[in-house]
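Have a look at the picture first, then read on.

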Amino acid sequence: MALAMFIGLLLTLGAGIGAQWVAWKFRLPAIVLLFALGLIFGPGLGILHPSAALGWIFRPLVSLLVAIIVFEGGLLLDFRQLREAGEGVTRLTMLALPISWGLGWAAAHYIAHMEWGVAALFGAIITVTGPTVVLPLLRHNKLQPRVAAFLRWEAIINDPIGAILAAVVLQVVATRVPIGTDVFLTTVLPDLLASTAESLAVGILPAYLVRYLFVRDLMPEPLKTPLLLTLALLIFSICNMSMEGAGLVGATVFGMALTNLHVPGLSELRRMKESLVVLVVAVLFIMLTADLHRDVLAHLSLPIFLLTAAVMFGVRPLAIFLSTIGTGLKWQERLFVAWIAPRGIVAAAVAGAAGYRMTDAGYHSADLIMPAVFAIIGGTMIFHGFSLRPIARYLKLTLSNEPALAIVGASPWSIDLAKCLSGNGIPILLVDNRSSALIPAMRKGIPVLRAELLSQYGEEALEERPADYLISTTADAIYNGLVCAHMAPHMGRQRVFQISPGVARLDFYHGLSRDARGKLLGDPSWNFTLIDMLFEKGWRFMTAMADEASAAGFGAVQNRLDFLSIRRGQSITIRSAEDEFPVSPTIGDMLVYMAPPPPPPPPVTTEDLQAQAAAEAGSGDTSGVVPVSAPEG
């Protein structure tokens, strides 16, 4: 037993994190690798059986992990962002979701021959796309801002709403009381409304309590994040005691309430939550997939495959096209959004819990829910995950494949750097919160973003116009450090840079903490004042193609500041004195440096003119003779 538990933990945790690293390294859909690992370890090799190893605790454990997922989804849903996202995103939720539910309901009944109640639950489950699946795909594929915003917000909004819809449908159909009967109207419906109201209250009231404690400094910092996670799990459990599936509603509403009440201190939770969700998704998806028995896979009959095709090629496209009529979206954008809808962990977890409940309720076709939902998950992950990039390119909805650089702070020399890079085909985004500072860059055709990157809006705006690297170049060293520390968890600590805050502040013990600032750009002496002064003296940014000599001497050329080395279509290497290994460009890389203007030609003296005239006279060529008068006296 102990050995089986150890092997299960090793396979689930180790392989799960390893799969996500491979997905990040090679820009693959992580959920596809996790799905494949679960199938290999479980039904394939038969070495991982979570429900058999954990026994009765398996289902409660899965439910609690799902609670963390839906709580995280609720934290992402800020109503202010929904208003700013525009009418198109609202339609994708308010119109496309119910249309998709109805069409999926009908398809499950008529194609897969599910009972009406089971088909209704299946239709509700497949409305969920979920940010844990969509957002990684958007990070790995640079889409145009509008279409990326549509997919992003649809996933964020549909995740909690779809989970709530599935929970309500589960509760209704599990009673097996026909809608419209006296029993349903007098007993089931009041109980359902009471349980839903209870879930809303249990989700909202603790959020007010949390805000009261946090605002009045009645909760120490180390306890804030554990308190929020504990409350989310308690709310989930309490709501489930009154109605199976109501915990999804309570946990989601709790997260939504915290975000919309603007509770201070949520940024720390969000950072920890991102890491926790990565682990939870890996564990949960491998466990659920590995726990699929071979007899479940045996239900993958022709009707299930036809249902999968109907959802992918009929239900989703029709729902999107109907809901986006009159929105102003181009046909390419509507077609792309209609195709891309990968289902993920919430759909799998809800299907796993709902299947058992429906079987207990006596539905004969309940055993079709798991194979049907997992067929949808597998089909959408594989087809949508691997076709997203080529289809987006074909429809011309992608940005450049070149690595992108965000420059924070618009000044004359940073604008010159942005113009130099943009003119050479490198995607650039110049960010500042001052319109007056961005006007000169806009006149030169440089892409700009007017936003405060330390705000939630600025962070989200940068996500929709993705950058791979960031350099903060303002005159305020503390602000540069704040921007880099804020963006490091999203972009990577080795990809955020700032100009030197001053040699004294770089001391590792007495100076600015490395966790509170970005990586040093160039040498410690390259502060804002130095670069600005050199620019006023005529120094400008230039580029050159690296040959053998210039590649070997990069960073060691006198009277020149070497900044970047760019490998086209692959990476940007930013030179830093904090590099453990010196930057070593290869032949063919583009070198970016700041150099002084060429020296003016020496003045022409009388002796030079006389020598030129004599040389031309001696050769018989008088076309260029310049008469020179003899000096007086």
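In which sense do strand β8 and β9 pair, and over how many bridges? Strand β8 (residues 561-567) and β9 pair in the antiparallel sense, over four bridges. Here, helices (H or I, at least four residues) and strands (E, at least two) are DSSP runs, numbered from the N terminus, and two strands pair if DSSP finds at least two bridges between them.

Before going further: this is a predicted model, where local features need pLDDT of at least 70, side-chain atom pairs count only at pLDDT 80 or more, and totals for chains, interfaces and linings use all residues. Residues are numbered from 1 along each chain as its sequence is written, and side-chain values use heavy atoms, with hydrogens and water left out.

**The antiparallel sheet**

- β8 and β9 belong to an open sheet of four strands, in the order β7-β10-β8-β9, with antiparallel pairing.
- At the edges you'll find β7 (540-545) and β9, and each of them pairs on one side only.
- Ignoring direction, neighbouring strands in this sheet are turned by 20° against each other on average (axes are lines fitted to C-alpha atoms, for helices over the stretch in contact, and angles run from 0 to 180 degrees between N-to-C directions).

**The parallel sheet**

- Six strands make another open sheet, ordered β3-β2-β1-β4-β5-β6, and this time the pairing is parallel.
- β3 (448-450) and β6 (519-520) stand at the edges with a single partner strand each, so one side of each has no neighbour in the sheet.
- Strand β1 (residues 405-408) and strand β4 (residues 469-472) run parallel and are joined by four bridges.
- One example is A406, whose bridge partner in β4 is L470.
- α20 (residues 412-423) packs on this sheet as well, touching β1 and β2 (428-432), and its direction makes about 160° with that of β2.
- Helix α23 (residues 477-491) packs on the sheet and touches β1, β4 and β5 (496-498), at about 175° to the direction of β5.

**Helices that cross**

- The axes of helix α4 (residues 58-75) and helix α13 (residues 246-260) come within 7 Å and cross at roughly 35°.
- Where these two meet, the residues include V66, V70 and F71 in α4, and L248, F254 and M256 in α13.
- By class, the contact of α4 with α13 has ten nonpolar, four polar and no charged residues (Ala, Val, Leu, Ile, Met, Phe, Trp, Tyr, Cys and Pro count as nonpolar, Asp, Glu, Lys and Arg as charged, and the others, Gly among them, as polar).
- Helix α2 (residues 30-44) and helix α19 (residues 369-394) have axes that come within 9 Å and cross at roughly 140°.
- In α2, I31, V32 and F35 meet F374, G378, M381, I382 and F386 in α19.
- That contact has seven nonpolar, one polar and no charged residues.

**A loop residue**

- D579 sits in the loop between β9 (571-574) and β10 (590-595).
- Leaving aside neighbours within four places in sequence, D579 is in contact with K519 and I574.

Key
Contact means heavy atoms within 4.5 Å.
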